[in-house]
Amino acid sequence: MTRWGILATGYIAATFVEDLRLLPDAEVVAVGSRTEQTARAFADRHGVPRAYGSWQEFAADDEIDVVYVATPHAAHFDATMACLDAGRAVLVEKPITLDRAAAQRLVDVATANDRFLMEAMWMRCNPVVLRIRELIADGAIGEVTSVQADFGVGGPFPPEHRMRARALGGGALLDLGVYPISLAHLLLGLPDQVRSWARISPEGVDENTGIIFGYESGAVATLSCGMIGATRVAAVITGRTGRIELAPPFYRPGQVTLLRDGADPELLPVDLTGSGYQHEAAEVQRCLAAGLLESPLVPHAATLEVMGLLDDIREQIGVTYP
């Protein structure tokens with residue numbers, strides 16, 4: 001049985017706890033927050049036996065095997081470092097930090113101290129996405145020439161909302177754009193050219209962002225993210241001999257269509273059990289049982305490369321965080 005601790009008490013934390021119930025070998029034993037009141041309320045609501053009103057007390061609980069960090073972006077680094085320092089394995093929400101330098105520090109500390117660390121890019125653990133990678137590797141659509149993906153939400157978000165707050169790592173890029181960027185990276189790797197443009201809010205964060213990746217192979221990725229208009233949140237992967245269409249939301253697709261040149265469309269089976277977080281939790285537990293310090297599905301190198309791309313894009317569009 002893997003004993004989980006949950007560090008945060010928001011919507012994502014609650015959804016993750018519900019999905020953990022789908023794993024027979026997982027249990028939630030503790031929750032931590034900045035105040036005992038919010039921790040206790042979460043514990044009572046979700047049947048968690050122990051609640052802590054400080055990160056340090058929470059991290060010191062030796063009956064926790066692994067911590068899920070679901071704080072706002074800007075707190076990921078400090079929360080994860082506190083847990084690593086206390087000897088805990090950590091699954092930390094994406095983006096792992098606000099920039100690559102901070103992410104590298106977490107990886108270095110985890111590696112030096114033999115602690116498991118994984119970014120919670122749950123899309124990379126989804127069975128359907130894994131099947132898509134297998135099909136592409138087997139040549140189902142030939143060499144990939146194009147990846148198109150979008151993730152825009154309608155809002156509107158008031159000025160005081162975390163999505164508009166520079167101090168909290170706000171904007172569309174880190175919250176939403178990390179998904180299409182990660183999809184392109186998963187399928188095509190690091191691009192040779194990055195071009196981006198954004199509309200910047202009065203608070204200094206990106207409201208609507210367009211991104212193009214160019215590859216020496218000739219492949220391109222056209223990506224977008226925004227928080228001023230709801231897009232389809234779909235993706236299309238095109239190869240020389242066919243394409244794969246991912247219905248919304250592409251990071252956990254409800255339908256995947258394989259279209260090979262000259263053949264009838266094929267619908268791939270999809271698993272819509274729970275909210276989809278159980279797959280990354282199962283991967284963490286598999287890695288812990290095998291004594292691994294990182295996941296082959298979400299390796300440190302991939303996390304750092306995507307964080308580097310986010311840094312490059314932010315520099316191009318002029319978004320900085322305090």
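Q: What makes the radius of gyration of this chain agree with that of a compact globule?
A: The model is a predicted one. For 322 residues, a compact globule would have a radius of gyration near 20 Å, and the chain has 20 Å, so the value agrees. Along the principal axes, the C-alpha atoms fill a box of roughly 60 × 45 × 35 Å.

Q: What share of the residues counts as buried, and what is the accessible surface of the chain?
A: Of the 322 residues, 56% count as buried, the criterion being a relative accessible area under 20%. The accessible surface comes to about 13300 Å². Carbon and sulfur atoms contribute 51% of that surface.

Q: How many helices and strands does the chain have, and what share of its contacts joins residues 24 or more positions apart?
A: The chain has nine helices and 14 strands. Among contacts with a separation of 6 or more, 65% are between residues 24 or more positions apart.

Q: How many positive and negative side chains are there, and where do the centres of the two sets lie?
A: There are 26 positive and 41 negative side chains. The centres of the two sets lie 2 Å apart.

Q: Which domains does UniProt list, and what is the helix and strand content over each range?
A: An unreviewed UniProt entry places "domain: Gfo/Idh/MocA-like oxidoreductase N-terminal" at residues 3-118. Over residues 3-118 the chain is 42% helix and 22% strand, with the end C-alpha atoms 16 Å apart. The unreviewed entry also lists "domain: GFO/IDH/MocA-like oxidoreductase" at residues 130-245. Over residues 130-245 the chain is 22% helix and 36% strand, and the end C-alpha atoms are 15 Å apart.

Q: Why is Thr2 called buried?
A: The relative accessible area of Thr2 is 13%. The cut-off for a buried residue is under 20%, and Thr2 therefore counts as buried. Thr2 belongs to strand β1 (residues 2-7). Beyond four places in sequence, Thr2 touches Asp25, Ala26, Glu27, Asp65, Val66, Gln285 and Leu288.

Q: How do you know that Val28 is buried, and which residues does Val28 touch?
A: With a relative accessible area of 15%, Val28 is under the 20% cut-off and is therefore buried. Val28 is in strand β2 (residues 26-32). Not counting residues up to four places away in sequence, Val28 touches Trp4, Ile6, Val17, Leu20, Val48 and Pro49.

Q: Is Leu173 buried or exposed, and what makes it so?
A: Leu173 has a relative accessible area of 0%, so Leu173 is buried. Leu173 lies in helix α7. The contacts of Leu173 beyond four places in sequence include Val178, Ile181, Cys225 and Leu310.

Q: Why is Ala137 called exposed?
A: Ala137 has a relative accessibility of 67%. An exposed residue is one over 50%, so Ala137 counts as exposed. Ala137 is placed in helix α6 (residues 127-137). The C-alpha atoms of Ala137 and Leu187 are separated by 9.6 Å, and the two residues are 50 residues apart along the chain.

Q: What makes the phi values of Ala8 and Val233 worth noting?
A: Most residues other than glycine have a negative phi. Ala8, however, has a positive phi near 135 degrees, and Val233 has a positive phi of about 60 degrees. Ala8 is in the loop between β1 and α1 (11-20). Val233 is in the loop between β10 (220-226) and β11 (235-239). Ala8 counts as buried at 11% relative accessibility, and Val233 is buried with a relative accessible area of 11%.

Q: Which peptide bonds are cis, and where are the prolines found?
A: Most peptide bonds are trans. The bond from Lys94 to Pro95 is cis, with omega near -10 degrees. Pro95 is in the loop between β5 (89-93) and α5 (100-112). The bond joining Gly155 and Pro156 is also cis, with omega about -5 degrees. Pro156 is in the loop between β7 (144-152) and α7 (172-188).

Methods: Residues are numbered from 1 along each chain as its sequence is written. This is a predicted model: local features need pLDDT of at least 70, side-chain atom pairs count only at pLDDT 80 or more; totals for chains, interfaces and linings use all residues. Side-chain values use heavy atoms; hydrogens and water are left out. UniProt positions are given in the numbering used here, feature names are shortened, and annotations may be inferred rather than shown by experiment. Helices (H or I, at least four residues) and strands (E, at least two) are DSSP runs, numbered from the N terminus. The radius of gyration is taken over C-alpha atoms; the globule rule is 2.2 Å times the number of residues to the power 0.38. Buried means under 20% relative accessible area, exposed over 50%, partly exposed in between (1.4 Å probe, protein chains only). Contact means heavy atoms within 4.5 Å. Accessible areas come from the Shrake-Rupley method with a 1.4 Å probe; for residues, only the protein chains shown count as cover. Lys and Arg count as positive and Asp and Glu as negative; His and the chain ends are not counted. The place of a charge is taken as NZ of Lys, CZ of Arg, CG of Asp or CD of Glu.
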